[in-house]
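Hi,

Here is the structure I said I would pass on. Have a look at it first, and then read my notes below.

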Amino acid sequence: MALAAADALRPTDTRLEPASSSVIEVELRKGTAADVLDMKTEGIRAGAAREDEARRTTIALHVPNNARPLLEQIISDYLTGPLTERGQNPPNKAKVEAIENIRVARIGTLWTDARPVPEGAQVDMWWALWCYRDKEAVIEDVCARLEVRTGDGDRRLYFHEVVVVPVLANRVTIELLMFATDAIAELRIADDSPTFFTDDIRGDEQAWVDALAERVIWPGNYAPAVCVLDTGINRGHPLIEPALGINDGFAINPDWGTDDHDADGHGTAMAGLALHGDLTAALADTEERFLLHRLESVKILPPAGFDPSEPQSYGILTQAGLVLPEIEAPERKRAYCLAVTNDNVSGATASSWSAAIDQAAAGCMVADGGEDERPRRLIVVSAGNVPAETTFALVEPQDNYPIEDPAQAWNALTVGGYTDLIAVRDDGYTDWTPMVAAGEVSPHSRTSVTWQQGIAPFKPELVFEAGNRAIDPRQTEVLTMGSLSLLTTGRDPVLPLVPFEATSAAAAQGARMAARLMASNPDFWPETIRALMVHSAEWTPAMLAAIDATPSKRERYQLIRRFGYGVPDFDRANASAINHLAMIAQSEIQPFQVRGNRKFNECHYYNLPIPGDMLEELENEPVELKVTLSYFIDPNPGLSANVDSQRYQSYGLRFDLQRPRETFTQFKTRVNASERANPRRRGTPVPADTRWVLGQDSVSAGSLHCDVWRGPAIELLGRTMLCVKPVNGWWRDRSSPDVCNRQTRYALIVSLRTRNLELDIHTPITVAAATVPVEVETEV
């Protein structure tokens with residue numbers, strides 16, 4: 001009877017398929033082992049178990065659908081079958097008589113937290129789903145179908161039999177998840193917090209640190225590195241020393257030494273996040289951790305007792321710091337991380353510091369040698385922090401605090417902050433509330449909303465976890481809390497673990513992701529790694545709601561200047577999932593030429609491998625076509641460059657997609673002046689494509705461009721040609737043909753995605769890619 005009742009509990013959400021097993025609640029006789037009903041061969045296994053005050057045990061029993069007849073047969077045989085020859089007992093006596101009651105499963109069946117089940121049916125919070133190790137992919141699939149956010153691998157706890165997956169949802173959704181999957185063994189409140197390590201076990205942290213260090217599989221000497229440009233690093237930390245060689249620490253001035261001189265250990269804290277990410281989950285589980293990248297350190301800030309660096313020298317000092325590790329290990333790939341900014345100096349226009357970073361990224365420094373020897377560099381820069389005001393009434397809007405110099409550098413990957421940390425767990429402050437909700441811009445992060453559109457690039461491009469702040473019940477005070485921060489390595493041996501937050505923490509995580517991608521994709525250029533990171537980014541539900549509620553594209557630009565292109569994901573960047581397919585191209589291009597006079601030269605065309613019959617079959621199914629274009633410009637600051645972006649850039653590139661009912665010939669004539677009989681006449685105007693989230697007017701400055709086309713699949717039919725074309729820059733105006741005729745390079749990523757996870761677009765696109773290779777045509 002109980003099995004029949006459980007069978008009636010099936011999810012009604014049309015995005016879900018019926019679960020392959022049922023969960024029933026079984027109350028066992030006192031003194032019975034929780035696994036008495038386990039039948040491993042048939043897949044019947046106990047999940048959550050709890051004991052009441054009378055010491056009665058209740059379990060959640062997972063019963064695969066194909067094993068239910070067996071369970072029913074066991075009960076039937078006990079009731080009606082012949083007695084055993086020895087003992088004259090009914091068959092299956094031990095199993096059946098262990099059962100006191102069988103009930104329909106409910107959320108309390110899986111609940112093993114000491115705290116009561118949260119009552120708010122529609123209140124979002126982070127839940128801890130204790131899932132069977134072999135069912136992790138199942139829970140990810142079901143959460144994706146329900147558009148529920150899950151914590152990434154860095155936030156998950158891995159044990160021998162289970163993995164703890166954080167899920168942001170309300171109680172109604174969790175109940176739906178219970179009956180849509182057989183993956184959940186237990187349910188609890190997600191309460192992993194840095195405060196456990198910084199407060200609860202204060203004085204005993206070293207044992208946890210040493211245990212993690214023993215579980216880490218450390219990288220080899222030739223692995224890619226994150227080079228931290230900061231206050232130095234305490235190399236003696238057990239979680240740093242194996243990945244930071246004795247010869248990989250440098251200082252602009254050798255007299256400064258290489259140890260972290262900052263009282264708060266800023267450089268060492270950066271290093272921990274750049275190497276391991278947030279340590280909260282890593283310290284608490286039992287899994288081996290594989291590191292594919294190393295650390296390098298360059299001290300660019302003077303310690304006490306030395307003259308401070310002058311602002312006008314920041315650029316040359318940064319360039320000098322970039323070169324030091326390259327001399328020591330020239331073959332090593334590296335991502336540079338700079339979380340030092342010019343305090344309260346807006347990056348609205350180019351400065352000598354930001355231009356120096358642009359030079360270094362493009363390989364145009366004096367130290368970089370000739371044209372054929374230019375090393376490109378990926379430089380991750382923090383956006384800068386909002387002052388940590390403690391009086392709530394004095395807190396100003398974040399848009400009043402522009403991103404700080406040198407984060408306006410076009411070629412840099414500028415990182416701001418968002419937050420998913422919303423649970424205040426610091427002792428004495430549990431009645432305080434988070435300042436912003438999960439998925440919103442971190443209260444620490446600056447924006448570029450006040451920068452002039454058309455002159456200044458979109459910054460930040462990406463946001464990583466930067467922590468939250470908390471407000472007291474009377475809304476008079478606001479504080480930065482340890483539980484709303486990340487956990488990283490401390491410079492003081494007595495305090496080996498410290499909370500860390502703001503855009504320094506975000507930038508360190510960004511550089512870590514870049515180095516991991518370099519290790520996994522050794523043939524990719526720095527421009528491509530940057531493109532992969534941006535292309536993998538997605539807006540959180542809070543960000544997406546703001547974009548969807550803003551129909552004006554120009555007003556959307558202000559949103560991008562707050563949270564960029566969203567939150568990146570390493571797995572999405574590193575591999576194409578079934579519903580998220582990418583085409584990646586790395587190509588060289590000569591934007592201009594001298595032939596009598598100076599004019600545009602090349603326009604590259606790509607035939608996207610999207611089968612027309614697939615688009616016809618999808619018909620009105622909503623799809624997203626995402627395009628990311630990344631390249632490095634040679635900067636030309638000063639004079640009119642601050643009012644004309646084309647005076648600052650050596651060249652620019654843009655992408656364009658074939659318009660509706662536009663033939664390939666018409667497309668080439670529209671985008672390429674050399675294809676027209678009269679290059680000055682553009683021909684018959686073609687209506688703009690309104691399906692782009694940002695649109696063509698958004699691409700006016702910067703060296704990275706990204707946009708998403710949204711619409712019915714059928715509207716892409718016959719529109720699979722995409723071009724990369726040059727726009728003006730100062731190379732074209734130079735008197736020397738050697739400058740005008742220079743070649744450069746770019747990375748292009750295109751992906752097609754459908755929100756309907758039931759649709760298999762992987763197979764047809766894979767077949768198309770195998771039979772219709774991408775074409776790159778050159779028009780002169």
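At what angle do the axes of helix 9 (residues 266-276) and helix 13 (residues 502-520) cross? Roughly 40°, with the axes coming within 7 Å. Bear in mind that this is a predicted model. On the helix 9 side, the contact is made by H266, M270, L273, A274, L275 and H276, which meet S504, A505, A508 and R512 of helix 13. Sorted by type, the residues of this contact come out as six nonpolar, three polar and one charged.

The other helix pair I looked at is helix 11 (residues 314-328) with helix 12 (residues 352-362), whose axes cross at roughly 25° and come within 7 Å. An angle under 35 degrees counts as roughly parallel, so that is the label for helix 11 and helix 12. Helix 11 passes helix 12 in a right-handed crossing. Here Y314, G315, T318, Q319 and L322 from helix 11 meet S352, W353, A356, I357, Q359 and A360 from helix 12. That contact has six nonpolar and five polar residues, and no charged ones.

One loop residue to look at as well: N170, between strand 8 (162-169) and helix 6 (171-180). Its relative accessibility is 10%, and the cut-off for buried is under 20%, so N170 counts as buried. The N170 side chain reaches the backbone nitrogen of V172 at 3.3 Å. Beyond its neighbours within four places in sequence, N170 is in contact with A121, Q122, V123, D124 and W127.

Cheers

Methods
Residues are numbered from 1 along each chain as its sequence is written. This is a predicted model: local features need pLDDT of at least 70, side-chain atom pairs count only at pLDDT 80 or more; totals for chains, interfaces and linings use all residues. Side-chain values use heavy atoms; hydrogens and water are left out. Axes are lines fitted to C-alpha atoms, for helices over the stretch in contact, and angles run from 0 to 180 degrees between N-to-C directions. Helices (H or I, at least four residues) and strands (E, at least two) are DSSP runs, numbered from the N terminus. Angles under 35 degrees count as roughly parallel, over 145 as roughly antiparallel, 65 to 115 as roughly perpendicular and the rest as oblique. A crossing is left-handed if the near helix is turned anticlockwise from the far one by less than a right angle, and right-handed if clockwise. Contact means heavy atoms within 4.5 Å. Ala, Val, Leu, Ile, Met, Phe, Trp, Tyr, Cys and Pro count as nonpolar, Asp, Glu, Lys and Arg as charged, and the others, Gly among them, as polar. Buried means under 20% relative accessible area, exposed over 50%, partly exposed in between (1.4 Å probe, protein chains only). A polar contact is a pair of N or O atoms within 3.5 Å; within protein, one must be able to donate a hydrogen and the other to accept it, and residues adjacent in sequence count only if both atoms are side-chain atoms.
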